[in-house]
Every structure is written in C-alpha cells, then in structure tokens.
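This report walks through a structure for someone who has not seen it before. Have the sequence and the 3D view open while you read.

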There are 2 protein chains.
Amino acid sequence: MARPSKPKLSTTAIADAALTLVDAHGEFTLPQLAKALSVTASSLYNHVEGKAEIIELMRGRAMSEIQLPDLDRVDWQEAVRQIAMEYWASYAKHPRLIPLFTSHTVRDQTTLRVYDALAEAFAVAGFEPKERLQAITIIDSFVLGSALDATAPRAVWEADTQSSHAFTEALAAGLQEPNRAEQTFFHGLTFILRGLTGKQKKADS
Amino acid sequence: MARPSKPKLSTTAIADAALTLVDAHGEFTLPQLAKALSVTASSLYNHVEGKAEIIELMRGRAMSEIQLPDLDRVDWQEAVRQIAMEYWASYAKHPRLIPLFTSHTVRDQTTLRVYDALAEAFAVAGFEPKERLQAITIIDSFVLGSALDATAPRAVWEADTQSSHAFTEALAAGLQEPNRAEQTFFHGLTFILRGLTGKQKKADS
C-alpha cells in the first residue's frame, strides 16, 4: 500500500498558512508556521529566506484578486475608485494583517503592480511626482482604515449616560444601516477624489 | 528591615502592561498579563472582568492626552481638524492596537467623550443624524489608516524593474520628504473636510 503523499511545500502553501495564523492570532512566528504545515523550520528555509519574505508572500495572496482597470477605457477618477474598492474588499477579509503590512516595506510584485496603476492614473490626471505619492498615500490610508471599519462589530460604539444628544441621535439613526461600512467608505472616497480633482484643476490653471 | 513593597495593582497598571504587550506582540492574553505584572490571574479579576474590559482600559489610556476643543471658540471644521490631529498622534504611538480596538465595541468613557465632541461639531454644521455618523466614521477611518502610515518604515515601497515610470518618479520625489506622513494626513484631512463642507452647503440650499 502506498504511503499517503504529503502535500508539497510551496510558497503559496506557506503564505496561506501564515495568513491563517495572523487572522487568528494577529501574528506568526516561523516555528508556529512550520508546526501548522507539519514541516521542520529548515524545510521552510528551502522556500523562503525568512519572515520578511513571508510577509510579502501574504501581501501578494491578499492582493491577488484585484483586477486592474484599463486607463484607455475609463477616466482616472474611475480607475482610482475601482482600484480602491477592490483593495478595500481584499483587506476587509484580513484586518489583522494590516499593521503587519504597514510596518514592512512593500516589495511584493502583485502589490507593486496595483501601485503602478494608481501612479499612472494620477500621472494621467496631471499630478506632479510628489503630489502623486501624496495622492496614493491618502487613498491607501483611507482604504486601510475603512477596511478596519468593515470588520468592526455591528455596535461600533455603545453610548453611555453622559453621551451627547448629537452622538446618541447619530448612533440611533445610522448604526444599524445595512451596508453601513461600504456606503461610508464610498462617500469618503468620493470626497477624497473630489479633493484630488480640485487640486488637479488648480494645477491646470 | 521592611520588605520591599509590591506596586499596588490598579486598572491603570493593568492597562499599561497590556499596552506594552500589544505594542510588542500585537496581542495579549490574561496569563501573559498576570505574568508581566507578577500577579496571579485571579488578582487581575479583582480589578477587571476580563479581556474586553482591559481593551477598553487600553483605549482610555491611548486617548487620555486628547484635548477637546471649545465649540464656542472655534468653527466646526477647525474643531474636527483639531480632534482628528490629536487622535492621529495618539494612535500613531500604538499601531498594533488599532485592529484590536476596531474589532471591539467602544465603551470607554474617555473615548466616547471624543466622539461626543465630533458629533456636536457635525450637529453645529447642520448634519442630519445619519450623515453625522457617516462623517464621524469617515474621519475615524482616515485617522486610523494614516496613523498606520505614520509608523511605516521610511521606505514604504521599494520599486522593482517592472515598476511604472509614473510610480518610480513619485517614490523618488516624495518618499524621503521630512514629515511625509504628517503632511499627507493633513492634506487628506483637508479634502475630507472640504467634502463634508460641500455636503453641508448642499443641505442648506
């Protein structure tokens, strides 16, 4: 009788196992990862150099479903909106990865292609290089913060007896709204895109 | 000779020890916390009911330095800007707390007072309750995402050979800028405030 074959260790399997650990515990270590994959730490090192590389693999897995828009077919605002919304949906699935990702330099190729596309959209819009980086970062920060909001409990806040009328009234009116997080993200993104468009117009004049 | 006195266990000491653990490891457990404080888990329970309460205590510690503006002295945009900037500075010190905070209902009194003030500022601006909650959430998400950006390594991205010219040019122009994160946050906040002001004007007409 043939022995059951062991699933082949791959960078994909390593990234998926690390994602599962971070989703559950907010962190991962190489010994934990080796244990989860039923391999020795040294066999991990046949595939990856260390933790920083695994973080980049996880980033690639998290970003792998993003479809990039064709800048010949849609205007720059629509391109940025599409990327931001797909990016938001990807991160909302893995909120505990967010601080791990933001604390490491982005080197993953799949992720870099998303930023290439954003940079191209802002270049088409006429933004100077420095303003382009600023625009990318503003979108990035809003997406990440909103992805965290998307994973919040339905009762984001619970008012107490000292709460202002202005606040309790707002909670009563808005907290149970279906698609609250998505709608809010969409509104904020619209404000930011309008602000960026205003900046572009100023540069044109 | 008197025995050296043990520091008295308090909710403040518990919150500070938990903050230290999360800053270092992204997470804390009650046994780890008891060990860090050199007490038994049961003595922790004399002060707190459990993990959820400790998270609220940490939230209060993280927010304790925020000064609330006087709405009789500054206009609502300036009030929101001041709160957002202080909030950003507080969270930028503890990035790994952010997903822990966003995954739990806000019940801490110090934190609720900050949201009361935001809600009052938006009420003064004439926002309806539901729009008020949306405005609060947009500010909140942008602050949290930008606080994560503030703790990123100086090389946020590292271009590769396939990177677009639009992106590499942007990185070269903006990445080494002193106060990059703070300036970017300030710009994005201005866009959002302008968007909110536009919404207010529309409501007035």
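K130(B) counts as partly exposed, at 41% relative accessibility. K130(B) has its place in helix 8 of chain B. Helices and strands are DSSP runs numbered from the N terminus (helices are H or I with at least four residues, strands are E with at least two).

K130(B) reaches chain A. Leaving aside neighbours within four places in sequence, K130(B) is in contact with A173(A), G174(A) and E177(A). Contact means heavy atoms within 4.5 Å.

## How to read the model

This is a predicted model, in which local features need pLDDT of at least 70 and side-chain atom pairs count only at pLDDT 80 or more, while totals for chains, interfaces and linings use all residues. Residues are numbered from 1 along each chain as its sequence is written, chains are lettered from A and ligands numbered from 1 in the order in which they are written, and side-chain values use heavy atoms, with hydrogens and water left out.

## Chain A as a whole

What makes up the secondary structure of chain A? It comes to 10 helices and 0 strands. The radius of gyration of chain A is 21 Å, well over the 17 Å that the globule rule gives for 205 residues, so chain A is more spread out than a compact globule. That radius is taken over C-alpha atoms, and the rule is 2.2 Å times the number of residues to the power 0.38. The C-alpha trace of chain A spans about 70 × 50 × 30 Å along its principal axes.

Of the 205 residues of chain A, 54% count as buried. Take the contacts in chain A between residues at least 6 apart in sequence: 73% of them join residues at least 24 apart. The accessible surface of chain A comes to about 9,500 Å². Carbon and sulfur atoms hold 52% of that surface. Such areas come from the Shrake-Rupley method with a 1.4 Å probe; for residues, only the protein chains shown count as cover.

Chain A carries 21 positive and 25 negative side chains. Lys and Arg count as positive, Asp and Glu as negative; His and the chain ends are not counted. The centres of the two sets lie 5 Å apart. Each charge is placed at NZ of Lys, CZ of Arg, CG of Asp or CD of Glu.

## Two copies

How is chain B superposed on chain A? A rotation of 180° does it, with 0.0 Å of shift along the axis and an RMSD of 0.0 Å. That is the relation of a two-fold axis. The same surface serves both copies: 100% of the contact residues of chain B recur in chain A. The superposition is by least squares on the C-alpha atoms of residues with pLDDT of at least 70 in both copies.

## The loop between helices 8 and 9

S164(A) sits in the loop between helix 8 (129–150) and helix 9 (165–174) of chain A. Is S164(A) buried or exposed? S164(A) is buried, with a relative accessible area of 6%. Beyond its neighbours within four places in sequence, S164(A) is in contact with D116(B), A119(B) and E120(B).

V156(B) lies in the loop between helix 8 (129–150) and helix 9 (165–174) of chain B. V156(B) counts as buried, at 9% relative accessibility. Neighbours within four places aside, V156(B) is in contact with H104(A), T105(A), V106(A), L175(B) and R180(B). V156(B) and L175(B) are 19 residues apart in sequence, yet 7.5 Å apart in space, C-alpha to C-alpha.

## Exposed loop residues

Most residues other than glycine have a negative phi. S38(A) has a positive phi of about 55°, although it is not a glycine. S38(A) lies in the loop between helix 2 (30–36) and helix 3 (41–44) of chain A. S38(A) is exposed, with a relative accessible area of 52%. In chain B, phi of S38(B) is near 55°, again a positive value. S38(B) is exposed, with a relative accessible area of 54%.

P178(B) is found in the loop between helix 9 and helix 10 (180–204) of chain B. P178(B) is exposed, at 53% relative accessible area. P178(B) and R154(B) are 24 residues apart in sequence and 9.8 Å apart in space, C-alpha to C-alpha.

Technical notes: Buried means under 20% relative accessible area, exposed over 50%, partly exposed in between (1.4 Å probe, protein chains only).
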